[in-house]
Every structure is written in structure tokens, then in C-alpha cells.
Amino acid sequence: MAENSMSDNASLNNPANGGAETDQEAWRRTPKKPVKIIDFMKYRKIAASISLLLVIASAISLGINQLEWGLDFTGGTLVEVVYEQAADPEEIRRQLDNAGYDGHVVQYFGSERDVLVRMPPQKALDAAQNARLGDSIIDALRTATNADVSLRRSEFVGPAVGEELANQGGLGMLTALALVMLYIAFRFQLKFAFGAVVALFHDVVITLGIFSIARWDFDLTVLAALLAVIGYSLNDTIVVSDRIRENFRKVRKGNSFEVINLSLSQTLGRTIVTSLTTLLVLFALFFLGGELIRGFAIGLIIGVGVGTYSSIYVAANVLVALNISKEDLAIPIKEGAEDPDLVV
Amino acid sequence: MINKYPIWKNLIVVGALALGLIYAMPNIYPPDYALQVSGESGGVEVTERTLRTVKKSLDDAGLSHFNPEIIDGKAQIRLPDDDTQIKALAVVERAVHDLPGDYVVAMNTAPTTPDWLANLSAEPMKYGLDLRGGVHFLLEVNTAKVISDRIDTLETDVKRKLREGKLRYKTVSSPAPRVLKAEFTSEDVRDEARTLLASQYREFEMLSVDDGLPAITMTLTSAMVDEIEDFAISQNIQTTRNRVNELGVSEPLVQRLGRNRIVVDLPGVQDPAIAKNILGKVATLEFRMEAQPNAPRSTTLGFDYEGRTANLERKIVVRGDRVIDAKVGFDPETSLPQVNITLDSEGGELMHRATRNNIGRRLGVVFIETKTRDSYQMIDGVEVKIQKPYVEKRVISLATVQAALGVQFRITGLQAGEARDLALLLRAGALAAEMFIAEERTVGASLGQENIELGAISVTVGLGLVLLFMLVYFKVFGIAANIALVANLVLLIAVMSSIGATLTLPGIAGIVLTVGMAVDANVLIFSRIREEIANGMSPQGAINAGFERAFVTIFDANLTTLIVAVILYSIGTGPVKGFAITLSIGILTSMFTAIMGTRAIINLIYGGRNVKKLAI
């Protein structure tokens, strides 16, 4: 690991950046606390292999297990009820079987008194009856037991709505990726845009993969979390890209490896601190926010974790792979501004 | 480098914060539990007398109450707690039951915003159904059926027009949705028919074709399709609103969503089954001739007509499902309001047959509705409320037939208000387009309350952790960031309250996330300042450079996140939209507080003097 102080390989007197430099004298003073440069790029191949492995594993799991689509996307009925005493899911399943329902899933939700019943659309019933399934389930449970069953919430999603939401979700995700790529290409440069999108893709696929492997429910709130992950990971990637761009323009000596290492080292503190504050609130949400918001919190915790890693390794790695160089980031000189004209 | 903000910048920061505090403030006053009494239909008015009855019933039952008032034609009375509210509901329902007219009593919450805030139109945030409890429906209107019904009507109509024009057609049929095809034996007849039909129907795009037989294909224009669909949906919305009023919900929401859906939000409703029963009811119409004075009793029926009895014939001329449209218009000659009624062709035929020999007699329109009535019965010595459905039939119009009526006719001699009400009733009673439930979500009140509490705890703990971390990590600068973070939360709440955004559970999650991410801007700035100091820059120079250089990064990073939030808003439904809204507003407010707000504080602490060392 190279431990160079910044002034060793960085020439800080760049005319291209002159406007922002207000305190030239101070810049030339010997630094007191040099930034410790970590040779991130030394491990770039290992990092790339790990990322690739994770993405492939996620893709395989998504292919085989698929996602545990929640009610929002599959359509169907969900009822959450509270019993006065601890309930026995086995007994509830039997009651529902007796009432003639198919394909139901019964599970505890938060406590042993709190039970969640999920049911796919019933083939034996018509559309109107399916829409009233929630009411019938509660009635069935009330008649089967003498215990007091009270309704906490019930949801019914028709088949058309579910399909639409899934399509909209996918479309939204793609639109987000496309728009973001455009913006970065416009504000930075195409290679950065490519790096950012690869990083986002990496984060989204791995987060989805973990949901698939763990068989966690994927509902609308998790989709929202995933889009928030895109936003967050992007934020991180842009901060790093911004510094890489700045250093490419400012630092005269050093190859792209060194410039990227320098940039990553400089932003490392910020990357870790921001991830930490975000994770702090997410864990607060995970432990205290209740069952309904847990999936959302998990999605974001994973996404922020993966996103932090990807902003260091994935985006920068793509830049190296694309041979990013000073020329890519030269500030364009306006054509014809100073050159003499050639007239026939 | 002196790092002093000009006065106007400081004023902006202070001003924004002051406004934020004012508009966020209504949220700290918890609302009162209350009951709301309103008339079930427009005719029943809530008066001081109603209010006195309500007060007296509560006094008699020994339930404490305060601040009775009449707001927008509804009586409202506040109660000390939720327990009293439930008891009071039963008491008040019983009391207004004995009053003439039908009243609806609903539980609601009344804001306790002090007058000076209310005068600035500062209001507390609205809570979504997942926080208040209630039922949400997404109803889908079968517009395809509406269009195909219209095509069927037009088919009969076109055939009749051709017959009347003595133009021989081979067939008139509908080979595809929205399309009619008429086949003829010769091209001459076809061309003549096309001229005739084109003059009569502006709703079609016509095309002469020749596949075997000379023919015309007539396709409904997309403008016409939109018009028919819009009409069907607004009619269903109207019907749904009428039903919802019956449910006794204090702030219901009935709104069109997209092309063919209607959102119905019923806060506070706990039993989705009852809501569905009431929403599912349809009103109908019947047109009947007024009975002749000497008609035998067995052939007549008496109906209520504005308090009197109107005797109409038993025989129905036309039913409401034949009504295509009923609109308020103006008589071109007298410019008095009138109601224009359009029937389908079969209805027109029936109407014509019934009226051509009855000019001078009166035609009545009967409005039929299924309602529920509360009654009270003594069962085992206890008075019990019983809800019974009953059918209400009343005459809403009795007008003299001036000519043989057909597909289109009008009811004249009305006052402006009367015309509007009548058109509304006619539309509500005409067979509404078929509707089914596409989505339903019910949240129990206890779960809603729990969600609010869990959300509040999450925000508090999350905020506390971040504040602590920033203080330890950035010291004095951490204090500045913390003040900015709290200010950001205040501004976020103020903006949400003043634009009337709805707070949902995912919205709270968005606030929590904003708390965690908003400090990022400050972290970027402070890290940069530390770096510049490490590079040997003077403290004042480092502060300035840190803010200046981090700005572009913060701007780019936040703008891209904002793009994502906007996409999330556009694809999301209810609760997810709530998340997108808080996230977007949070991004905007945090940029202001983290950049301008923190700078103002830092300038206040360090600016304009000789600083040797920064506590960062």
C-alpha cells in the first residue's frame, strides 16, 4: 500500500481550476496531516471477481427461485387478524381447509396472537366473490372459533392491478436508470455514466438476489426501497466520480490508477460517515418501525451496504476498464474562440 | 477571507426558518375527538336546533362535551376522549333519529390549531388511511361495455335512419369494437347513405369500402370514445359520492384515477363489508304517465312528489337504463334553464309511442333508491339499534307533455338550481356503468394508531442517533449541522402541511431516510474543510473552499436522487407516492438547510475574526 502524502504526486496548481482557488498561498504550504492514500485499485481484480460472483449468484437465484412476489404484484387477498390468546396456525389452516379455501398461507405476524392469512385468487369463485374474499375469511375464522377475532387490516388486489403494478415497477426502474445515465453523460462524461449505471445495476441485482435467496416478500414498499437504493447509490457514485474528475484535471503527475486511488482515499471518510448515518436511521426503522416497514428497511440496509462498496469498487473499476484518461476530462476549449479563421 | 454572510442572506435563512416554524406548528396541537352531524340529502338542513338537540342528548347521557359549532352546514361537537366519542356516537344517532329528516352522524377529529395560525391558513398534516385507519377502494368502471352498449344503440339507430331515408341496406353490423359496418347492394345507394349518415352522425369517421359488397365502415372517433367514457365515469363518481354520504364518513375521498378507475377512501370506516354493500347499491329511474283522474285504483300507484302525492300509472313507459344523457342546458328562446335528456333509440321509440297520443298529459320521473334506515327496538329490556334496508321511491319531475317525444327531449320551466339537481338525479338514477372492485385495503384503527406511534419512535431515535454521531465526529461543526438537520425536519413538515400532502407510513419512512441522508451534504462540506486544513489552508480559507467546492457535488448528487424520487412518484400508488413526496421535499429542503443554513451558523461562529484552529 503506497503511503504517499498528497503533495508528492499531486500538483495542485492547475490553471484549469483557477477560478475556485482563492487562497493560493495556503495551498503551497506544507500539509500538516496528509491524506493517507490507500491503493484501492491493487485489489480491483479481486473486487471485480467478487462482484461478478455475487451478480451471477443473484441472477441464478432470480432465475430459479424468482422473487417471493408480494400481494401487490400477484393479486389475491390478505387478512391480518388478532386473536385474544396465542393462536395456532395449524388449527387456522385446518379451519380454512374446512371452509373450502385453496392455496392459503398462514403465518404469525409480529406476535403469536397476530396472524396473517394470504390467499391467491380462488378459482372456484367469480370476480365479485373474490373481491369479497377477505370478509368471508374473517367470517370463516369467527365461526370456526369461539375466540374473539378482530381485524387489523385486509387487502385485496385484483389480478389486473397486480400485473399493472409489476409492469409499472419494471418500467420505472428502467426509466430511472436511463434518465440517470443521460444526466451523468451530460454532466460528466459517457464513461462515468457507464460506470454509474453498471454500479446501479450491480446494487439492484444483488439486493434482489438476496431477497430471492432469503425468500423475503417483495412488495411495493420493497420496490420503493429499491428505487431509493438507486438514488442513494448514485449519490455515492457521483461524489466519487466528481472527485475523480476534479483530480484528473488538477493532478498533473500520476497515471489513472493513482488518480483514482487518491480520489477514493480522499472521499473514503465521507463515504463511510454518510453510510453510517444512513444505516443508523435504517436500523432504527428496522427495529422500531414495526412489521409493515421491515421489508423496506431490510431492502435499504442491504442496498446501502452494497451501494457503498460499489461506489468504491464497481464504478471506479469500470472507469479503469474503459481506460479513462486525462483527455476524456479535458475542459473543452470553445472552437474558433481564439484560432484565426481560414478564409478562401 | 472573512466568511461573513451579507445581511440579506442571513435574513433569508431566518425568514425561511420562521415561516417553517409557523407552518409546522399546527402539528404539535393534537386534534380533538369530535362528532359531526350532517343532513343525509341536500334538503335536510342542520340548524341551531339540531345542535341544541345534540347537546341536550349528551348532557342527558352525562357525557362531557365542548365547543359545539356549525361549520359549512354541518354540526360539530368536541369530546374529551375516544371512549366518550364512541359512547356519544350512539347517543347522538339516537337523538337525531327522532328529529324530522334524515341525519348522518360521523366520528371525526377536529383540529385545535389556534386562531392566529388558522388565520395564516396554517394547518396540520393530513394522515393517510394507513395511519388513521379506514377503507380504501379502487373501483374499475367497465368502459368497454359502455362503448359496446353505445354501438348497439347506434346500430338500431342507423338502421332506422336508413329505413326512414328509404335506402335499402343489406346488413348493418358491428364487426369490431367501436366500429359499425353497413353493406348495400349498389354503390349509388351506398353513396347516398353515406351523405345521409354523415349529416346525422358527427361521432363517426366514415370510410367507403368495397369488399364483396359496397359498404361504409363507421368508426367512433377517439374524441367521442373519450366523451362517452368520461361521461360514464363522472356519472359513476356522482353515484358513488351519493352512496358514500350515506356511510357517515367525515372526510371521504372519491376521485377519478387514470382512464377508468375511481379511488374511494373512507377514513374511519372499520367494516369493509358494510361499505361494499352500500357502494354496491344502484339507484334506478322509471318514466310513468300521470294517471287519468278517473282511472281505476288498480292501475295507479301513489308516489311522494315534493311532499304531495302524485298518482302515476302502473305501466312503465321507459326505464332508467334507456337514458344515455341528462344535462343542464338553456332554452334558446327564453334562455331559462332546462334539462336535456337523451334516450337510446329503443327508449326513444317507446317514449314516442307513449306520448304521441297523450299530448297535454303529464309525465312523471320516479327515482328509486335502496337505503338503510336505523330504527330502535327494545330487545330484552335493552334498546338496540337495527339497520333495515328499504326502497325509497319518489317523483323527481312531473312535466306536461307538449309534443310527441323521441330520442331527445327537454324538461323546461325550471329554476337554475332545480335544473341542476334534476339532471344530477337523472344521471345518478340512469343505469350507471358496470363497476367492480380492483383493489381494497382496510386498516384497523388500532393498527393506524400503532403505525403513528412506531413511526414517531423511529424518527425520534433515528434523529437522536444521527445528532449524537455528528456532534462527536464534527464537534462545533457538528452542532451547526445538527441545527440544520432539525431545521430541515421543521421545513419538511411545514412544506408538507402547507401543500396539503398526505402523510403515510412509507412517508414516515421517507422522513427517517431523509434524516439519515440529509447530513450527507454537511459531511461532504466538512470533510472537504478538514482536507483543506490538512493541505495547509488557513481556517477561514478552508471554510470557504469547503462550502464552494462541495456545492457542485451536492447539487449533482441530489438532483439525480430527485430524478429517482420523481419517477417513484409517477409509478407509485397511494402509500409509495407518500414516500416519494417526503423524499423529494426532503431533498430540496435539505439542500437549503445544509448549504445555506449551516453556512450561516458557521459564519456566525467563526466568521469575521482571526481563527487559529477549527473545532472540526
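Which domains does the domain assignment of chain A give? The assignment gives domain 1 (34-67 + 162-328) and domain 2 (76-157), with bounds that come from an automatic or database domain assignment. The centres of domain 1 of chain A and domain 2 of chain A, taken over C-alpha atoms, are separated by 40 Å.

Before we go on, a word on how to read this. This is a predicted model, in which local features need pLDDT of at least 70 and side-chain atom pairs count only at pLDDT 80 or more, while totals for chains, interfaces and linings use all residues. Residues are numbered from 1 along each chain as its sequence is written, and chains are lettered from A and ligands numbered from 1 in the order in which they are written.

Let us stay with chain A. It holds 14 helices and six strands; helices (H or I, at least four residues) and strands (E, at least two) are DSSP runs, numbered from the N terminus. Of its 344 residues, 45% count as buried. A residue is buried if 20 or more other C-beta atoms lie within 10 Å of its own, exposed if 12 or fewer, and partly exposed in between, with C-beta atoms placed from the backbone. Among contacts in chain A between residues at least 6 apart in sequence, 78% join residues at least 24 apart. Two residues are in contact if their C-beta atoms, placed from the backbone, lie within 7 Å.

How far can you trust the picture? The guide is pLDDT, the predictor's confidence in each residue, from 0 to 100. Chain A has a mean pLDDT of 82, and 86% of its residues reach 70 or more. Within chain A, confidence is highest in helix 3 (residues 44-64) of chain A, at a mean of 94, and lowest in helix 1 (residues 6-9) of chain A, at 41. Over residues 1-32 of chain A the pLDDT is below 50, although this stretch has 55 contacts in the model beyond near neighbours in sequence. Where pLDDT is low, the predicted coordinates should not be read in detail.

Now look at where the two chains meet. The contact takes 71 residues from chain A and 68 residues from chain B. On the side of chain A that touches chain B, the largest share, 14 residues, comes from helix 11 of chain A. By class, that side has 40 nonpolar, 19 polar and 12 charged residues. Here Ala, Val, Leu, Ile, Met, Phe, Trp, Tyr, Cys and Pro count as nonpolar, Asp, Glu, Lys and Arg as charged, and the others, Gly among them, as polar.

Strands also pair across the two chains. Two strands pair if DSSP finds at least two bridges between them. Find Ser154(A), and you will see its bridge partner Thr442(B) in strand 22 of chain B.

Strand 1 of chain B pairs antiparallel with strand 4 (residues 103-110) of chain B over eight bridges, where Ser38(B) has Val104(B) as its bridge partner. Strand 1 of chain B also pairs antiparallel with strand 3 of chain B, over five bridges, and Val37(B) has Ala75(B) as its bridge partner there.

Strand 3 (residues 74-79) of chain B is in turn joined by four bridges to strand 2 of chain B, which runs antiparallel to it. Phe66(B) stands opposite Arg78(B) in strand 3 of chain B.

Strand 18 (residues 337-343) of chain B pairs with strand 21 of chain B over four bridges, and Thr342(B) stands opposite Gln408(B).

Finally, look at the loop between strand 17 and strand 18 of chain B, where Ser335(B) is found. Most residues other than glycine have a negative phi. Ser335(B), though not a glycine, has a positive phi of about 45°. Ser335(B) is exposed, with 8 other C-beta atoms within 10 Å.
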